[in-house]
Amino acid sequence: MDEYGKSLALSEIVSHLDSAESFADIVQKILEIMGDYLKVSNLGLMTIIDGDRFEVFYEWTRDDRVEILERASDDIWDDTIVYGEDIYIMSANEHVGKREFLYTKYGISALLARPVVINNKPQMVIVAADDNPTRVWDLSSIQFITNVVRMIESIILRKMSNRSLYSSHAALKGILDNMGSGLFVVDKNTKEILFINDKIYSLYKKDLIGCKCSDFAMCGNPKYCTDCTRLQHNVGHWENYDSRFMRWFDVRTSEITWVDGNLVSLFNMVDITEKKKYEKRIEFQANNDFLTGLYNRMRCEADLYEVISKSIEAETTGYMMFIDLDNFKHINDGLGHQHGDMLLKLISMGLQQIEGISDSCYRVGGDEFIIIVQPEQSDNIDRIIEDIMDMFNKPWLINGTEYYSTMSMGVVCFPEDGTDVNDLIKKADIAMYDAKKGGKNRIEYYNAADEGLSIKRLDVEKNMRSAIAIGGMEFELYIQPIMDAVSGECIGGESLIRWNSHELGFLMPMDFIPLAEHLGLIVMIGEYFLRKACQVNKKWSDYGQEKKLHVNLSIVQLVQNNIVETITNIIKDTGVNPENIILEITESLAINDMSNMKKVIDSIKKLGVGIALDDFGTGYSSLSYIKQMNFDIIKVDKNFIDDIASDDYAQTFIKLITELSEKLGAKVCVEGVEDTEQIKVLKEMNINMIQGYYYGKPMPYEKFQEEFLGIRES
Ligand code: C2E
Ligand code: CA
Ligand code: CA
């Protein structure tokens with residue numbers, strides 16, 4: 001129960017203390033306030049008769065509930081009241097025996113009884129009962145009841161002796177000091193302070209009685225005091241911030257009759273600083289992302305709406321960038337959420353440090369960020385983009401290890417590309433997705449002309465999910481031959497996926513693999529595809545052809561906990577000779593969690609399967625990485641082959657790699673060989689394997705079998 005509500009309920013009860021109404025009327029009102037606050041089903045004031053039973057003096061019930069206390073009074077007395085001055089507490093989770101009895105007979109699942117002691121003798125008992133089967137009495141409710149009972153005791157005393165408030169002043173002060181809120185009483189005419197409770201004393205650290213309230217600006221601000229009319233009003237209610245105490249107060253005034261019979265003002269000040277802080281926090285949470293502290297999507301949309309309107313009005317141009325991390329999923333899945341969270345925080349901090357955008361970075365999804373470049377900064381757009389790129393080209397240090405995480409960015413400008421917030425975000429997302437398809441770690445500006453051409457991301461996602469659901473047969477196995485550089489014989493091929501989508505047509509890997517990785521769907525697609533490749537290779541063996549078949553393995557698959565198990569099962573199920581299968585993993589996604597990666601790769605190698613490092617030369621792998629990982633084959637990226645005939649650097653690089661590979665016992669395969677000239681140079685260089693359009697483009701596996709292995713299936 002909240003302290004604020006409690007304090008309000010108590011102050012409401014206090015306002016009835018000095019009432020001239022009958023005791024019964026007052027009790028009725030007090031029980032109503034109590035019942036509402038405590039949220040119980042029944043609440044009663046019981047009179048103790050002759051010390052051995054009680055009668056209901058008044059029973060309050062919630063929403064027309066049955067008057068259980070009336071009915072159960074004898075049993076409650078007999079079975080539960082430990083006679084004395086102590087409070088009796090039975091929560092729904094204790095006193096099983098008694099509770100069972102009261103519960104089955106009357107539906108009472110929790111009970112609390114507090115004697116009203118007059119002249120050292122219990123005279124009455126306040127009983128709270130609840131039919132809620134999970135009701136547990138917390139400390140705050142117990143304190144509340146205790147306070148109310150003290151007030152009732154003071155009312156009874158006063159009524160008995162028929163004396164004024166003054167007579168029970170000591171008792172009352174005890175209660176008022178305990179109320180949690182600050183109370184003070186002021187003479188309406190002279191502004192003289194007649195009473196303060198402990199709370200007010202502890203704020204001002206001096207006894208203010210006899211002083212003028214205006215001398216202390218007790219409502220919080222001296223400006224209010226100059227022509228204060230508050231004392232003239234009978235009731236008032238406001239909130240104010242008191243800078244002296246650095247606290248917020250909810251202040252209520254009411255008119256009461258003071259001990260001398262004069263009408264005075266009672267001020268009740270409830271400290272609502274925590275509530276205010278909480279509200280601030282809620283507001284912050286509504287606008288900010290709690291992990292990174294950046295603004296969130298909601299705030300982004302609101303801000304974007306404003307800048308767009310402004311830029312239209314002022315005829316200026318601003319930019320918006322949509323950033324999506326490449327393969328964030330593998331850091332998160334492979335290294336754990338803590339690392340992922342840490343990375344997001346570091347990136348957020350980095351973005352905020354870039355000049356010109358520090359206050360307009362938003363995290364709008366798991367690994368998605370939006371940056372608004374205000375029109376005033378639009379001259380700096382190139383520099384800002386460069387700064388962001390630079391940031392992502394450097395490793396992030398997480399727990400002492402360096403990680404690379406690249407991003408893909410889509411950029412739109414407003415109002416040129418659009419004036420509607422959602423439309424702009426969608427366009428930036430399309431541009432971002434084009435950047436991803438273009439090979440990740442790139443930037444793409446939105447281009448309206450291209451939009452019609454590029455397949456919609458959502459369409460791809462939807463259709464990909466259904467393609468998986470129907471068993472994966474839309475994913476087709478293409479194979480590109482790999483030749484022995486010396487003999488010119490075919491030693492096998494690389495499996496390359498194609499998606500022949502019923503809805504979208506024929507899709508190349510770049511049109512859907514990045515999204516499949518992003519969504520984690522690559523795990524299922526990859527498993528299906530590996531199984532298919534193994535089945536085909538097994539068949540070759542059955543035909544007496546032991547040829548190698550390379551299969552690409554996404555890093556997202558590699559970081560799955562059960563990847564070794566998955567591969568084991570596929571080998572077992574298909575009966576393939578594991579030595580014919582080479583898994584290609586790309587190095588452009590440099591995962592630097594070497595020790596873990598090495599463990600996984602070593603376990604896969606134990607199955608007999610070979611491992612190739614794909615796209616070598618495009619990513620971050622260092623030579624030491626290659627040494628540690630024990631690769632069987634290193635595939636040199638097409639980039640180095642393109643100008644091999646004329647480019648000295650490329651030649652030196654490839655020589656270096658071949659020498660190193662020889663020492664490590666790994667073979668070298670070059671990709672993307674297209675013409676005779678290249679073949680000539682490569683043959684002089686001790687290259688083991690060659691792959692490229694020169695020998696054959698990727699083709700349906702049936703065609704490959706026929707042309708290169710002479711296998712014709714009927
Ligand atoms: P990759 O693993 O580097 O595959 C080689 C790519 O280079 C293939 O493109 C191939 O068609 C192309 N290529 C081969 N020789 C030449 C040549 O002489 N000239 C030119 N211009 N290109 C050549 P493809 O089939 O479009 O595949 C692109 C990428 O998609 C692959 O690059 C691989 O990273 C990914 N991929 C393909 N299939 C799979 C798969 O089953 N699983 C996963 N995870 N990724 C796959
Ligand atoms: Ca490959
Ligand atoms: Ca490659």
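Domain bounds here come from an automatic or database domain assignment. On that basis the chain holds domain 1 (19–163), domain 2 (169–276), domain 3 (288–446) and domain 4 (472–708). This is a predicted model in which local features need pLDDT of at least 70 and side-chain atom pairs count only at pLDDT 80 or more, while totals for chains, interfaces and linings use all residues. Residues are numbered from 1 along each chain as its sequence is written, chains are lettered from A and ligands numbered from 1 in the order in which they are written, and side-chain values use heavy atoms, with hydrogens and water left out.

**Domains**

- The centres of domain 2 and domain 3, taken over C-alpha atoms, are 52 Å apart.

**Calcium ion (ligand 2)**

- Donors are N, O and S atoms within 2.8 Å of the metal (3.2 Å for Na, K and Ca); water is not among the atoms, so sites may look incomplete.
- Glu494 (OE), Asn552 (OD1), Glu584 (OE) and Asp614 (OD) coordinate the calcium ion (ligand 2) at 2.1 to 2.3 Å.
- Along the chain, the donors of this ion have the spacing E-x57-N-x31-E-x29-D.
- Glu494 in strand 19 (residues 490–501) and Glu584 in strand 22 (residues 581–586) are 90 residues apart, and the pair links distant parts of the chain. Helices (H or I, at least four residues) and strands (E, at least two) are DSSP runs, numbered from the N terminus.
- Glu494 is buried at a relative accessible area of 3%, and Glu584 is buried at 1%. Buried means under 20% relative accessible area, exposed over 50%, and partly exposed in between (1.4 Å probe, protein chains only).

- Asp615 lies in strand 23 (residues 610–616) and Glu671 in the loop between strand 25 (667–670) and helix 25 (676–683), so the pair ties together parts that are 56 residues apart in sequence.
- Asp615 is partly exposed, with a relative accessible area of 22%, whereas Glu671 is buried at 12%.
- The calcium ion (ligand 3) and the calcium ion (ligand 2) are 3.9 Å apart, and Asp614 coordinates both.

**Helix packing**

- Two packed helices are described by the angle between their axes and the distance between the axes. Axes are lines fitted to C-alpha atoms, for helices over the stretch in contact, and angles run from 0 to 180 degrees between N-to-C directions.
- Helix 18 (residues 522–542) and helix 26 (residues 701–709) have axes that come within 12 Å and cross at roughly 30°.
- Helix 18 and helix 26 are therefore roughly parallel to each other. Angles under 35 degrees count as roughly parallel, over 145 as roughly antiparallel, 65 to 115 as roughly perpendicular and the rest as oblique.
- In this pair, Lys532, Val536, Lys539 and Trp540 of helix 18 meet Tyr701, Phe704, Gln705 and Leu709 of helix 26, where contact means heavy atoms within 4.5 Å.
- Helix 10 (residues 297–314) packs on helix 14 (residues 421–437) at an angle of about 110°, with the axes 9 Å apart. These two helices are therefore roughly perpendicular to each other.
- Arg297, Glu301, Leu304, Tyr305 and Ile308 in helix 10 meet Val421, Asn422, Leu424 and Ile425 in helix 14.

**Buried helix residues**

- Ala516 lies in helix 17 (residues 509–519) and is buried at 0% relative accessibility.
- Not counting residues up to four places away in sequence, Ala516 touches Met464, Leu521, Ile522 and Ile525.
- Asn537, in helix 18, is buried at 0% relative accessibility.
- With residues up to four places away in sequence not counted, Asn537 touches Lys547, Lys548, Leu549, Val576, Asn580 and Ile581.

**Backbone geometry**

- Most residues other than glycine have a negative phi, and most peptide bonds are trans.
- The peptide bond from Phe414 to Pro415 is cis, with omega near 5°; Pro415 sits in the loop between strand 16 (407–414) and helix 14.
- Glu315 is not a glycine, yet has a positive phi of about 55°. Glu315 is in the loop between helix 10 and strand 11 (318–325) and is exposed, with a relative accessible area of 73%.
- Asn630, also not a glycine, has a positive phi of about 60°. Asn630 is in the loop between helix 22 (623–629) and strand 24 (633–636) and counts as partly exposed at 41% relative accessibility.
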